[in-house]
Amino acid sequence: MLKINNLTVKVLDKYILKNFNLEINEGEIHVLMGQNGAGKSTISKVIMRDDTYEVISGSIKYNDENLIDMSTTDIARKGIFLITQNPPEISGVTNAEMLRTSLTDMGKNDMNILEFNRKMTKICDKLNISNSFIHRDINYNMSGGEKKKNELLHMWMLEPKCIILDEIDSGLDVDSLKLVANSILDYYQEFKPSILIITHQKSLVDILKPNYVHILADKKIVKTGDYNLALSIFENGFRSSIMSESEANE
Amino acid sequence: MKQMNKLIVEQKELILNNEDVIIDKILSEELVLQVYGNVSCGVLSIPSISNITIYLHDNAIFNIDLFVHLNEVKNQINIYSEFQTKLNLNYACTFKNSSYLTIKNHIKNNETETNITVRAVEDNGKIEIQAEGIIYEDTYSNFYAEDIKALVINNNSVSISPNLLVKTNAVLANHNATISNIEKNDLFYLESKGLSKESAKKVIKTGFLKGILKLEFLKLGGEGNE
Ligand SMILES: Nc1ncnc2c1ncn2[C@@H]1O[C@H](COP(=O)(O)OP(=O)(O)O)[C@@H](O)[C@H]1O
Ligand SMILES: [Mg+2]
């Protein structure tokens, strides 16, 4: 479904990723881990073609189409959805306005206002946020945790097929983290999307039970494993986990 | 929401007394607004030469929202604030070609409060914005604030000169002016949610303008008189 091949990326004359490879098949959940500054957020934004990041070589294929030649808008319309580490506040633009515009632009807005509001209300209830979020400005004056829930509101409305979550756990208290993780799990069970999760949080990994866990270091993925690799990282840190899983587990 | 009267104004003077009005169109080049009591007013269109004078009579509270498209327009607003008056003037505009906006406040009396907020969005053109507050000597307990922001394609398209002429110390005054482009990160964000670049720009610009308007009626409307 999503296949990244030998991707090399630069920002302001600095190489952030070199020969990065990653393949995510339909319905798989992958966790990407790595130290601060390793390039995790970079890969999430490069997939959406944020033009701050210059792609030097390599390809990003999504169902055999190369995303590198596409605009951010077109990539979103293919069903790829990113929740960034720090979602911006857009004052003056409400969630409802943005979502209706998006659904209409995509030709997916088959709901009338009443149905649209009903759907939004239902999702707000599930996310344990007030219905007033429907008409609030996007992320504006929201707490860190509210922003993440607000982003999930967008996800539930837009129904993407491939989801990238960049540290969705940051800024969440214990209860919110559980709620957010379970909301992602519910979404997964209903729509079976592919998911790439960037996280440092054990409880998120525990709830979502990824198929694969990757370590990003030295500008590429240096190690891939299963849930046990994540456990090893949580217990022993990155360095010993990269050297050897079995050693680290001792 | 209260039922609002919608007006097309051809005359040179309008008396507003404890009422809410929407002015669809001002046609006269010279217009004097005499304001008594508590008045809310929305203005959706002005002529290419427009001199508006606002008299706030003692104890008047005046909320005025303008939501206009300026295309080769010279708009001058003169304000005279009497004793214990309160003015909130919110001016949201798009500008095309070359336009001028001058807002002049004459504060000769005491215990007044003035809040001037201007938001201007470039639609290929330039604008000169002058906001002038003149606070006369021997006045006291006045509050005066100006907040002017422009969203532009080209940084040279706007010149803002906030001008405060304060002839007394007994006043609280501040002004603040910024000119900026649409944030690249905001555009990327909206595009990543499936909006086209054009839609993304449009909602950002409209949000920037409507954000300052207080009258719900205007917010539901389109972009100025376009
Ligand atoms: N827009 C940018 N401008 C300059 N440097 C950047 C930019 N984005 C990322 N970087 C740099 O790229 C490296 C990787 O950053 P990032 O992808 O955010 O790491 P991570 O998410 O793994 O913590 C860091 O050294 C960071 O400073
Ligand atoms: Mg990051």
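These questions and answers set values from a predicted model against the definitions behind them.

Residues are numbered from 1 along each chain as its sequence is written, and chains are lettered from A and ligands numbered from 1 in the order in which they are written. In this predicted model, local features need pLDDT of at least 70, side-chain atom pairs count only at pLDDT 80 or more, and totals for chains, interfaces and linings use all residues, while side-chain values use heavy atoms, with hydrogens and water left out.

Q: Why is Ser41(A) called partly exposed?
A: Its relative accessible area is 22%. Buried means under 20%, exposed over 50%, and partly exposed in between (1.4 Å probe, protein chains only), so Ser41(A) is partly exposed. Gln85(A), at 25%, is also partly exposed.

Q: Why does Glu167(A) count as buried?
A: Its relative accessibility is 10%, which is under 20%, so Glu167(A) is buried. Glu167(A) sits in the loop between strand S9 (162-166) and helix H6 (174-191) of chain A.

Q: What makes the phi of Glu167(A) worth a note?
A: Phi of Glu167(A) is near 50°, a positive value in a residue other than glycine. Most residues other than glycine have a negative phi. Lys219(A) also has a positive phi, near 70°. Lys219(A) lies in the loop between strand S11 (212-217) and strand S12 (220-225) of chain A. At 32% relative accessibility, Lys219(A) is partly exposed.

Q: How do you know how compact chain A is?
A: Chain A has nine helices and twelve strands. Its radius of gyration is 18 Å, close to the 18 Å that the globule rule gives for 250 residues, so chain A is as compact as a globular protein of that length. The radius is taken over C-alpha atoms, and the rule is 2.2 Å times the number of residues to the power 0.38.

Q: How do you know how compact chain B is?
A: Chain B comes to three helices and 13 strands. Its radius of gyration is 18 Å, close to the 17 Å from the globule rule for 226 residues, so chain B is as compact as a globular protein of that length. Buried residues make up 53% of chain B.

Q: What makes Phe143(B) a contact of Asn174(B)?
A: Contact means heavy atoms within 4.5 Å. Leaving aside neighbours within four places in sequence, Asn174(B) is in contact with Phe143(B), Tyr144(B), Ala145(B) and Glu146(B). Asn174(B) and Phe143(B) are 31 residues apart in sequence and 8.7 Å apart, C-alpha to C-alpha. The 8.7 Å is taken between C-alpha atoms, whereas contact is judged on heavy atoms. Asn174(B) is found in strand S13 (residues 171-181) of chain B.

Note on methods
Helices (H or I, at least four residues) and strands (E, at least two) are DSSP runs, numbered from the N terminus.
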